[in-house]
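Subject: Structure handover

Hello,

Please find the structure below. My notes on it follow.

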Amino acid sequence: MAAHEPLPTPQPTSPPPPPWLILTAVGVLAVVVCALLLIGPSNDNSGTARKLPPPPPLPPVANTPFANTTSTDWVGAAACAECHSEIADHYAQSSHATALADVSIQTEPPDAKFQHAASGRLYQVYRHDGQLRHSESIDLPDGNTHVLADHPVSMVVGTGHQGRTYLVNLDGFLVQSPITWYADDSRWRLAPGYDYPQHPSFERPIPVDCLICHAGRAESLAGAYHRVTFHEQTIGCERCHGAGSQHVTIRTEQARSSTQSIERPADNSIVHPGSLSRERLESICAQCHLQNNTAANLRNRRLADFRPGQRLAEYRAHYVLDDPDSGMTVVGHVEQLHQSRCYTQTSTLTCTTCHDPHRHLPRSEAANHYRAKCLECHQADSCRLPANSQPRRDAGDQCARCHMPTTTTEIPHVASTHHRIGIHTRDKNQPPVRPISPGSLDPLYDLSHLPPL
């Protein structure tokens, strides 16, 4: 999936601020001004600062019917595979299961050298003493070469379908290598956000927040934000089903029991995403497949505290601009699906309508699979293009080729399937034309459960 390709990062150049940033800044300023007006001048001449009333409490996170919603008794994917071996075998081939891996020099792209014109630096990828190494150097006026950095890379982010980003472990601190492999043109180039003269080199830290969408379970080591330890490297079963300890215990006891033939009661020991409401199911996917315009964590709550079965809006408020012609972003699937008539005119269409998270879909099967999904609701003859028209022939009669085209993204050399199902008239290779007025900034999910503040 596209969410597991090169880490999306902002360009550290100095262009004019984007409209959403202006909106956010204006909103923050308005809140500050209103707060000052509400506080008003103090009539207390004692010199004692006036104490503000405490903010209204947040509503508690709603209960769910699942006993493991708030549990942290993790067991790991290997324990799940003991009973669900077929699912585990399929899942092991999926993009989720291969989103973060240790570097294997046998399967990595070939060694190479390339010059970065903007910074004047020379980059090299090479193998030495059983390690894949990335180096950065400059040519000196006397003809010699001065090495600025040379490190073994320890981990790779991304399946390789679109690209591979590399991490370096420096005494327990993870940093990103400036070198990335791009699959579309099969070559090494600088990573997103590095293509300018004074880029951060091997100094961009990768804290635990960056790994939420790429690792199964990672946390800060001894409270140090930029030192990370991995409890489960790959994205495993429990990221979608919740902690599995209680479920494993119950199923193990049932397997040992002599009463296996008796009908089992409803199992609430583990989250069943298929039984969730659309928003709660979607919240599981939206942990990573959501590129909002701005967001704010709720007081004393973090995204890492979210558990399957809960609403994401109980932990973070996500806002998106009302811009239906926005370009595709690498992880912008959820909000663009929300802009689709197929989504807004039904109550059932969601991520798992088309995607089976347990199964890797071979490219040879993908076209027919997704066309069949469209035809579950639409008629084959409802396409407005004549059957013998050139555009329809070019699309191979595949609905998604026109209505969910592959387009460029904010990351150079990376394209992704646009998840706004609809009529796309803009050239897929051209960036969207931004309106002078950026439109309204609307919450992605209902926030009426929150106090006005």
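Which residue lies over the face of Y343? R278 does, at 3.8 Å from the ring centre; a charge counts as over a ring if NZ of Lys or CZ of Arg is within 6 Å of the ring centre and within 35 degrees of the ring normal.

The model is predicted, so local features need pLDDT of at least 70 and side-chain atom pairs pLDDT 80 or more, while totals for chains, interfaces and linings use all residues. Residues are numbered from 1 along each chain as its sequence is written, and side-chain values use heavy atoms, without hydrogens and water.

Aromatic rings

There are four aromatic pairs (Phe, Tyr or Trp, the last by its six-membered ring, with centres within 6.5 Å; stacked under 30 degrees between planes, edge-to-face over 60, otherwise tilted). F114 and Y123 are stacked, with centres 5.6 Å apart and planes at 25°. Both F114 and Y123 are buried (under 20% relative accessible area, 1.4 Å probe, protein chains only). R189 lies over the face of F114, 5.4 Å from the ring centre. F306 and Y315 pair edge-to-face at 6.1 Å and 90°. F306 is buried at 3% relative accessibility, and Y315 is buried at 7%. Y166, W181 and W188 are linked into a cluster by ring pairs.

Sheet

An open antiparallel sheet has the strand order β2-β3-β4-β5 (strands are DSSP E runs of at least two residues, numbered from the N terminus; pairing takes at least two DSSP bridges). β2 (112–116) and β5 (145–152) are the edges, each with a single partner strand, so one side of each has no neighbour in the sheet. Seven bridges join β4 (131–139) to β5, including R133 with P152 and H134 with H151.

Regards

Conventions: Helices (H or I, at least four residues) and strands (E, at least two) are DSSP runs, numbered from the N terminus. Buried means under 20% relative accessible area, exposed over 50%, partly exposed in between (1.4 Å probe, protein chains only).
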